[in-house]
Amino acid sequence: MSFRLAITSVAALLTAGIPAGLATGAAQAQQEAPEVTSTDLGDGLYMLSTGMAGNLALLTGEDGAVMVDDQLPNTGALIEGAVVEIAGESAPRFIVNTHWHGDHTGGNAHFAEQGSTIAAHHNIRRRLDEADQEWAQNPAILPIITFGQDLTFHMNGQTVEVVHVPNAHTDGDAFVYFREADVLHMGDVMFSGLFPYIDLSAGGSVDGYIAAMEQALAMVGDDTRIIPGHGPLSTPAELEASIAMVREASFRVRTLVEGGADLEALREAEPLADLHDDWNWGFITTDRFVQTLYNDAVGNAYSYE
Ligand SMILES: [Zn+2]
């Protein structure tokens, strides 16, 4: 199924003060009116994606709907259309945010104003509360239930386990595991087939990112389906490939930095040249990933310039 909504300027929407997690590259990749694609995962569970912002999960059933993330400030009606079509209700009973970036929490106010209850890690609420971007100024964006380590929903025959992973993509990331359906939403701790964005300005770290991916790998079985924050529905093998890539890339950059390389020397050395064709994309280019690994290695609290 797909649902369409005309948004006259995706680029304007994307530059309307969304935190850096939102890709200018995504805007370039998606100049058409966005549409929602839904993938039926069975057990009343769906993956929703638009290709322009974070992937969603929607669990439906007699107990009401639970949704993971809600995309952008201006896509509320688009996502709502998909929710109505699939779940038969306009506002999910609960929404869980995987982290605070505006391409995952931007729809919070839209759905909260219609009655959804939003739950998230303590640091997501704090970062949204402190954000000075215009889209974050509506108090309805703030989750009204917050947690530190974990939170579990028991609905629609599913045990929905929300688990915090520290200092990975940000300092407020959570995985959401639908135990009976055997589906794991990893938020932006998984960019499938893409160089990941690691937000050093929001408490993310390279080592934490790798540790969190390894934690996910320990949670999954051979048949687990993984919903990445960005990219297609994925397998544990694809998660393993991402872990190996980030490990190797980080090792190469750290080795050069320990040998005295500054950013200019790193760029000249092109340590990720052989990874470019497989992992480079519009938002996190090879150069931006080199910068992120460099800034992490030297302790700078920003990912790239
Ligand atoms: Zn993000």
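Q: Which element gives the most to the lining of the largest cavity?
A: In this predicted model, helix H8 gives the most, with 3 residues. The lining consists of Val189, Met190, Phe191, Leu194, Pro196, Tyr209, Met213, Ser242, Met245 and Val246. Two elements, H7 and H8, each supply two or more of the lining residues.

Q: How many cavities of 30 Å³ or more does the structure hold?
A: There is 1 such cavity, and the volume of the largest cavity is about 40 Å³.

Q: Which residues of H8 are buried, and what do they pack against?
A: An α-helix has 3.6 residues a turn, so residues three or four places apart point the same way. In H8, the buried residues include Leu239, Ser242, Ile243, Val246, Ala249, Ser250, Val253 and Val257. The partners of the buried residues are strand S13 (225-227) and helices H7 (206-219), H9 (263-269), H10 (276-279) and H11 (286-298).

Q: Which protein atoms are donors of the zinc ion?
A: The donors are His99 (NE2), His101 (ND1), His169 (NE2) and Asp188 (OD), at 2.1 to 2.3 Å from the ion. Their spacing in sequence is H-x1-H-x67-H-x18-D. The site is irregular, with angles of 83 to 170° among its 4 donor atoms.

Q: Why does His99 count as buried?
A: Buried means under 20% relative accessible area; His99 counts as buried because its relative accessibility is 0%. His101 is likewise buried, at 0%.

Note on methods: Residues are numbered from 1 along each chain as its sequence is written. This is a predicted model: local features need pLDDT of at least 70, side-chain atom pairs count only at pLDDT 80 or more; totals for chains, interfaces and linings use all residues. Side-chain values use heavy atoms; hydrogens and water are left out. Buried means under 20% relative accessible area, exposed over 50%, partly exposed in between (1.4 Å probe, protein chains only). Helices (H or I, at least four residues) and strands (E, at least two) are DSSP runs, numbered from the N terminus. Contact means heavy atoms within 4.5 Å. Donors are N, O and S atoms within 2.8 Å of the metal (3.2 Å for Na, K and Ca); water is not among the atoms, so sites may look incomplete. Four donors count as tetrahedral if all angles lie between 85 and 135 degrees; four count as square planar and six as octahedral if opposite donors are over 155 degrees apart and all others between 65 and 115; anything else is irregular. On a 1 Å grid over the protein atoms alone, a cavity is a set of points where a 1.4 Å probe fits but cannot get out, and a pocket is an open set with protein on both sides within 12 Å along at least five of seven lines; lining residues have an atom within 4 Å of a point. Grid points are joined across faces, edges and corners, and a volume is the space filled by probe spheres set on the points.
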